[in-house]
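I opened the model and kept notes as I went. The entries below follow the order in which I looked things up.

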Amino acid sequence: MEMSKKRLFPDVVQGHIGTMPLERLYDLVHDPGNASAKVVEAPNSPEESLRDSEEKYRMLLDEIQDYAIFMLDPRGAVVSWNAGAERIKGYKAEEIVGHNFSAFFSPEDVKQGMPEELLRVTATNGRHEFQGMRVRKDGSRFLASIIFIALRDLAGNLRGFSEISRDLSESKESAAKYRGLLEAAPDAMVVVNQSGEIVLLNVQAEKQFGYRRDELIGQKVKNIIPQGFAERLIADGTRTAAEALAQQIGMGIELTGRRKNGSEFPIEIMLSPLESTEGILVTAAIRDITTRKKTDAHVLELNRSNEELGQFAYVASHDLQEPLRMVASFTELLARRYRGKLDSDADEFIGFAVDGARRMQRLIQDLLAYSRVDTKGNDLVHTASEEALRRALMNLRGAIEESSAQVTHDPLPTVMADQRQLIQVFQNLIGNGIKYQNPGVPRIHISAARNADKKWIFSVKDNGLGIDPQYFEKIFVIFQRLHKRDEFSGTGIGLAICKRIVERHGGTISVESQLGHGSTFTFDLAGSEGKS
Amino acid sequence: MNHIEVESSHLDVLLVEDSPGDVRLTKEVFRDTNIDIHLHVASDGVEAMAFLRREGEHVNAPRPDLILLDLNLPKMDGRVVLANIKADANLKSIPTVILTTSESEVDIVKSYRLQANCYLSKPVQLEAFENLVKSINDFWLTKVKLPQQRQGG
């Protein structure tokens, strides 16, 4: 059965927590056919029989440490007291015999008349079995499993009551072991019975919820987890308790915890079943996920603001394009129609206006291209990088022919990439190699090698001007240029786009160079094997 | 040159465009491209429909040979204007060309679904815009056979 496979602690199983099932004790005390019980049934029987039976009975009771077993007269005064009762409740026989059993109830329960009610119900039904909170001599409370039995003589007159009870929160060998494990757990742990009452908890749970242990034992778990937990334990017509629980096992359930002071905090609970003599108990590991929630929220917020920023850059540059189109078009028209018709100052001014507008258009287009890397990128798929290179070279045909550049390459691998963007990276790096040249023939070589992480390292090596090492970082920043505009055109977007593309692919890009000795740009991409 | 002949050979184009700068720019470029084009302007969607249906002050408006339609218009959106034109038995045969700054795939798809005759996006460079207007003139106003319903309605 699934339940037993998932049992957390195999030694905490049916019949092991207690030394004797309550039912058997009940029989001993109650069954008229049982020799020792007869004593109870008929206290006025002949003396020898009585002594004999009482002896057996007392011996039996004294052996029992795990159960409080005692008798009450019809009004509830204690008339007998066993060792277990002394141990569990903390009273010696001489301290309690003759006193009313309402001493074992909390003042609230006494006020509500619970002790009297209990006697009344038991007298009516003959037997009453329940779990409830009891108070020890020292005032501490504990959850007890209790059987109350009405004792009647052969004529059917009520002679008194017998109570057999067990401290559910009390340490037994395996329970102690279990409790030790609970205490060692890093999370708050709460053990709950099928009625949704807390029967056991660890110190982390005390801390987390701000209660003392005895304030929680016997309380409804709803008090500390208002919603979503107790409901999960409920068996109904369509499912048993075990089935209800089985659906929840091993799943992290996010709920809200409530501290003693009323404050609430986010929790995640994991449930596991625990079979015991009281039926299936549920152990809940409760983790305070306030920090995780905050971190999640921060990451979300960060992603959102990054996205907004990207969106802003895109919208701003897109919307700026409109009025700029007007400025550029009309200054251009102005230049065409009126050049040489006004004076030389006018020509010069119009010239600056036209040039400024054109440059601004390029900047905005580049900015749009830069933000499109993320907003309009495609999924990374198996991409033949050699094909991407071939297409990049096709796009560069004009520049290659004009400069007589020699572009060579090794065989190149298949990688995980957005092909359009990989083409752009090749195109920008090779284009730069052709553009930033000494007089002479540009020679560019593209190769790829595997590194230890099984990533492909691409190299684009040129014989161009080279870059002063102090600018290695700067060249990848958007709109950063190393040359005056009249030396080389361009806005300084190419490498920034390369960097953004490579980073979007989960890689990095860098340069090695010396002034006058060419540059080698390297970037890495994930190989395509092992992915689909 | 015979005045009557010039009158009868001109083409009427309705430009639906709200930006005065764009209107002027388009007029300038059309003037340089083809002197025989009469460019009429409607600055919003409502006015465009009034022009096409010869309502109010447009009672004497000519039936255009071509409509150049921007998408983002005040009062009545260009997409609605397009839908209205194509739903109108009298107007749907007039070639309607979308001329807009939007390059959004959504706009392109939607325009063709609404039976736009073609979709052009306005280039940012003046020279490119001039080339585009030349293309419109060469294709839609020169090569293409348009229905002769000048006097119809």
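Predicted model: local features only at pLDDT ≥ 70, side-chain atom pairs only at ≥ 80, totals over all residues.

**Entry: a helix pair**

I looked up which residues of helix 14 of chain A meet helix 18 of chain A. From helix 14 I wrote down Ala369(A), Tyr370(A), Val373(A) and Asp374(A). Their partners in helix 18 are Ala496(A), Ile497(A), Arg500(A), Ile501(A) and Arg504(A). Sorted by class, this contact has 6 nonpolar, no polar and 3 charged residues.

Next I checked the geometry. Helix 14 covers residues 344-375 and helix 18 covers residues 494-504, and their axes come within 10 Å. The axes cross at roughly 5°. Angles under 35 degrees count as roughly parallel, so helix 14 of chain A is roughly parallel to helix 18 of chain A.

**Entry: chain A as a whole**

I counted the elements of chain A and got 18 helices and 17 strands. The chain has 532 residues, of which 32% count as buried. I then took the contacts in chain A between residues at least 6 apart in sequence; 58% of them join residues at least 24 apart.

**Entry: nonpolar cores**

Which residues have the most contacts inside the largest nonpolar core? I found Val190(A), Val191(A), Val192(A), Val199(A) and Ala284(A), in a core of 60 residues. Strand 4 of chain A, residues 141-152, gives the largest share of this core, with 9 residues. Both domain 1 (19-167) and domain 2 (173-288) of chain A supply at least three residues to this core.

I followed up on Ala284(A), leaving aside its neighbours within four places in sequence. Ala284(A) is in contact with Val190(A), Val192(A), Phe229(A), Ile269(A) and Leu271(A).

**Entry: where chain B touches chain A**

How many residues of chain B are in contact with chain A? I found 7, and they are in contact with 9 residues of chain A. Helix 2 (20-33) and helix 6 (126-143) of chain B each supply at least two residues of the side that touches chain A. Helix 2 of chain B gives the most to that side, with 3 residues. By class, the side of chain B that touches chain A has 4 nonpolar, 2 polar and 1 charged residues.

Technical notes: Residues numbered from 1 in each chain as written. Chains lettered and ligands numbered in written order. Axes fitted to C-alpha atoms, helices over the stretch in contact; angles between N-to-C directions. Helix = DSSP H or I, 4+ residues; strand = E, 2+ residues; numbered from the N terminus. Parallel < 35°, antiparallel > 145°, perpendicular 65-115°, else oblique. Contact = placed C-beta atoms within 7 Å. Nonpolar A, V, L, I, M, F, W, Y, C, P; charged D, E, K, R; others polar. Core = buried A, V, L, I, M, F, W, Y, C linked by C-beta atoms within 7 Å. Buried ≥ 20, exposed ≤ 12 C-beta atoms within 10 Å, placed from the backbone. Domains from an automatic or database assignment.
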